[in-house]
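Dear colleague,

Please find below the structure for your attention. My notes on its disulfides and on selected helices follow it.

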Amino acid sequence: MPMMTRDVLLEMELEEDDEEDGYIGNVPASKRPLMAPPAPPSLPSSLALENLEQTTASGSGSLKSQQDFRTPEFEEFNGKPDSLYFNDGQRRIDFVLVYEDESRKETNKKGSNEKQRRKRQAYESNLICDGLQLEATRSLVDDKLVFVKVHAPWEVLCTYAEIMHIKLPLKPNDLKTRSSAFDNFNWFTKLLQVDESIIKPEQEFFTAPFEKNRMNDFYIQDRDTFFNPATRSRIVYFILSRIMYQVRDNVKKFGINKLVSSGIYKAAFPLHDCNFSSPSEDLSCPNERYLLYREWAHPRSIYKKQPLDLIRKYYGEKIGIYFAWLGYYTQMLLLAAIVGVACFLYGYFTQDNCTWSKEVCDPDIGGQIIMCPQCDNECPFWSLNVTCESSKKLCIFDSFGTLVFAVFMGVWVTLFLEFWKRRQAELEYEWDTVELQQEEQPRPEYEAQCTHVVINEITQEEERVPFTTWGKCIRVTLCASAVFFWILLIIASVIGIIVYRLSVFVIFSVNLRKISNGTDPIQKYVTPQMATSITASLISFIIIMILNTIYEKVAIMITNFELPRTQTDYENSLTMKMFLFQFVNYYSSCFYIAFFKGKFVGYPGDPVYWLGKYRNEECDPGGCLFELTTQLIIIMGGKAIWNNIQEVLLPWVMNVFGRCNTVSGAEKITPRWEQDYHLQPMGKLGLFYEYLEMIIQFGFVTLFVASFPLAPLLALVNNILEIRVDAWKLTTQYRRMVPEKARDIGAWQPIMQGIAILAVVTNAMIIAFTSDMIPRLVYYWSFSIPPYGDHPNYTMEGYINISLSIFNTADFKSRVKESPYAGSKYYTCRYRDFRYPPGHEQEYKHNIYYWHVIAAKLAFIIVMEHIIYSVKFFISYVIPDVSKSTKSKIKREKYLTQKLLHENHLKDMTKNIGVIAEKMIGAVVDNNLRPKSD
């Protein structure tokens with residue numbers, strides 16, 4: 001069907017609910033962006049781009065009659081449920097639009113429905129004018145639904161492939177792959193690989209950006225297969241996103257996204273190629289969805305490697321690179337999990353040798369030590385041995401293995417990031433995305449706002465931008481202020497949790513600590529600190545989930561207002577906002593426990609009050625490390641469980657509910673497009689949330705791993721399930737996404753690098769300030785022997801006694817007139833600190849042991865950070881981002897591609913020169929033979 005240079009556009013009144021995702025205001029035609037259909041395909045793409053606007057301007061008149069519309073032909077379903085073609089069996093369905101027939105709606109608002117109908121008709125007419133071919137079919141299940149099938153002919157595909165700079169095959173790639181040193185172990189790797197007889201390897205090609213005037217240079221054996229289904233869908237979606245449907249006072253509305261969001265269309269999607277549970281009856285169908293479900297998403301394939309090439313071919317590079325990254329991250333977690341389990345087992349089997357824990361549990365030592373009340377007025381004195389069970393658990397995590405594991409993880413995260421860069425470079429070469437930046441087009445929403453003309457500093461030519469420099473500054477300021485406000489809101493919620501902890505601790509202290517009944521099982525295992533920590537962690541988790549739900553919508557609104565130019569810029573901007581929010585939201589409570597709780601409490605006679613009212617929390621005698629571990633387990637585990645419930649149950653329940661509303665057994669006779677319509681839409685940001693979930697997990701695995709060595713194991717188990725759950729969702733529960741290009745994981749890469757650098761600091765500080773490892777080492781090497789200690793040999797005996805300072809109960813200061821502890825049977829009590837005892841000339845001042853510990857902690861942080869950072873930078877320097885073999889392949893392919901194009905160009909020039917020479921020689925001969933006239 002030939003393209004038409006005339007647009008059918010509606011001129012009508014604006015509706016109140018019409019929120020533009022794209023429009024062009026009152027600007028002259030010379031300054032409007034390029035959004036209309038291209039010129040006829042006979043023009044080269046450069047001329048097509050210049051004529052885009054002229055094409056639109058010529059048809060912006062008002063609609064006068066129904067005959068101005070070109071509507072799709074209605075056809076009855078041909079009874080072939082697996083067909084991917086129009087009823088003629090020749091034209092492939094590249095996209096499907098779904099709408100509800102206004103004339104058959106139960107609640108028929110005549111005026112509103114008529115406007116929607118006319119907009120849709122104008123849009124479809126413009127699609128036809130742009131060269132697309134449409135065929136409409138009414139639903140077999142719900143006669144109100146109409147499915148409009150869209151087909152892009154060869155000429156349209158070629159025109160837009162050139163405009164979009166899509167790289168297409170020139171000739172088969174005959175470069176030989178180097179043999180691997182591990183080829184001798186193929187018998188083992190074949191067990192994990194997908195059977196090549198089931199999923200055949202993709203043929204490699206040399207590629208180049210498509211040009212219509214050099215079509216003979218490309219490897220076109222069959223026009224029907226030259227553009228694969230993913231590329232066809234990309235091109236059609238590009239057109240659908242830029243076709244206009246209404247003009248009023250130079251305000252142009254366009255794009256399928258707006259039409260779907262306003263309810264004019266119910267859905268728009270490319271088709272799956274078959275049913276996931278069984279292959280298609282059509283012998284020409286590749287059955288890629290069925291193969292992906294069988295060899296990738298099915299639980300029996302959980303041990304196999306992912307068929308990344310087929311994932312990329314079916315869903316596009318953007319989804320392919322996500323699963324490649326997730327799979328590589330999971331493989332690297334295996335090593336971290338093994339080392340983490342080894343460190344955990346070391347702590348578990350050596351806990352019986354934990355001398356300080358034995359002293360806490362010993363009735364003659366810990367049972368005789370009376371601890372000072374940890375709150376004012378209400379809290380009782382308590383015996384140290386009530387923390388016996390928690391001290392035993394703490395010995396598992398607060399051991400020498402934890403230090404080794406923290407150092408190992410600092411190196412591991414660097415190895416992971418560096419080797420992932422190399423793997424990513426290999427995928428860029430294999431998937432032909434090395435020069436992807438040339439292909440990416442501006443977002444339609446950005447193009448719609450390009451109303452200002454500026455001079456490009458490089459080209460010195462006019463170009464259109466959506467706002468001036470001053471306008472951009474205003475937008476950036478408003479966006480930054482909004483993000484800052486929401487971060488303050490999170491901090492306020494954290495403060496609220498702290499107030500809860502301080503308030504409820506008094507209640508737990510009164511009810512759980514009764515010295516006379518210290519053998520009660522509940523009091524034996526549940527201390528006031530533990531009860532406070534668990535309940536506060538649960539409340540914190542609930543608040544985190546609620547704030548996440550709200551902020552997701554706010555972040556999208558802020559990013560839309562910011563108006564990034566390309567989809568990559570949009571996602572990167574949204575990524576930074578969401579991660580900054582999630583970082584504060586998820587990690588703030590962990591940072592509080594690790595670095596603030598119990599650090600600024602004063603001493604019983606002069607406690608520090610928070611907000612002038614609440615007495616600051618204290619840690620257990622063994623430190624706050626076990627409480628940090630509890631917080632990590634609850635948030636990390638709860639997040640994984642919640643996300644899996646959302647990802648699995650929600651789409652499954654929605655699809656079951658949708659099928660229950662259809663006729664029983666209808667799925668067997670309904671066409672492919674109707675089956676896909678009843679699946680769930682993925683959404684543009686579906687993949688964004690998958691990345692965000694994994695990066696937050698990556699933060700838990702690296703930032704606080706010194707407190708929980710089993711975090712990598714939990715992450716490994718979760719990720720193995722996550723890969724298959726995500727695969728199951730994509731292949732069975734969701735409509736097929738529009739394939740998108742991507743060369744890397746975008747802004748997530750620098751975010752991970754930032755987390756890796758911060759993780760070294762946090763783990764060093766956790767070991768130094770949260771755990772009791774440094775004070776124990778100082779005691780063992782300096783204060784257990786003379787001149788400070790009484791033991792002849794290095795030992796940990798007596799550590800509990802020196803780590804707990806003495807306080808005279810007569811020195812209690814109360815905020816009431818009389819001290820509540822006046823007349824107590826206890827004359828002294830102990831508290832966690834390193835201070836001189838009462839009666840000393842510097843009573844309650846920090847003693848020499850305290851200063852030794854502080855010096856050791858600072859020295860440890862400096863030494864550990866410098867060692868790990870040195871190793872990290874050395875590894876980063878030694879391991880190049882792109883391997884030597886990959887660089888050679890890229891250069892070789894580029895050279896051969898240029899050589900091929902140059903040779904073909906020379907052949908064409910030689911052929912043309914030969915034709916011209918023959919014509920010139922023929923003309924000379926004719927002139928010589930022609931008789932001369934007198």
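Cys-361 and Cys-388 form a disulfide in this predicted model, with their sulfur atoms 1.9 Å apart. The link is right-handed, with 100° about the S-S bond. Cys-361 belongs to helix α11 and Cys-388 to helix α12, so the pair, 27 residues apart, links distant parts of the chain. Cys-388 has a relative accessible area of 12% and is therefore buried, the cut-off being under 20%.

A search of the whole structure finds 3 disulfides. Another of them pairs Cys-354 with Cys-395, whose sulfur atoms are 2.3 Å apart. Its torsion about the S-S bond is about -65°, which means that this disulfide is left-handed. Cys-354 sits in the loop between α10 (317-349) and α11 (355-361), while Cys-395 is in helix α12 (residues 388-397), and the two are 41 residues apart. Both of these cysteines, Cys-354 and Cys-395, are buried.

There is also a disulfide that joins Cys-372 to Cys-829, with an S to S distance of 1.9 Å. This link is right-handed, with 90° about the S-S bond. Because Cys-372 lies in the loop between β10 (370-371) and β11 (382-383) and Cys-829 in strand β19 (residues 828-832), the bond ties together parts that are 457 residues apart in sequence. Cys-372 and Cys-829 are both buried.

Two further cysteines may be of interest to you. Cys-129 counts as buried at 1% relative accessibility, and Cys-590 counts as buried at 0%.

At the N-terminal end, Asn-847 caps α26, with a side-chain oxygen 3.2 Å from the backbone nitrogen of Tyr-849. The buried residues of α26 include Tyr-849, Val-853, Lys-857, Phe-860, Ile-861, Met-864, Glu-865 and Ile-868. Among the elements covering the buried residues of α26 are α13 (400-430), α23 (748-770), α24 (773-783) and α25 (799-803).

Finally, Thr-702 is located in helix α21 (residues 686-703). With a relative accessible area of 2%, Thr-702 is buried. Leaving aside residues up to four places away in sequence, Thr-702 touches Trp-412, Val-413, Ile-755, Ala-759 and Asn-763.

With kind regards

Methods: Residues numbered from 1 in each chain as written. Predicted model: local features only at pLDDT ≥ 70, side-chain atom pairs only at ≥ 80, totals over all residues. Heavy atoms only, no water. Buried < 20%, exposed > 50% of the residue type's maximum accessible area, 1.4 Å probe, protein only. Helix = DSSP H or I, 4+ residues; strand = E, 2+ residues; numbered from the N terminus. Contact = heavy atoms within 4.5 Å. Polar contact = N/O pair within 3.5 Å; in protein donor to acceptor, adjacent residues only side chain to side chain. Disulfide = S-S within 2.5 Å.
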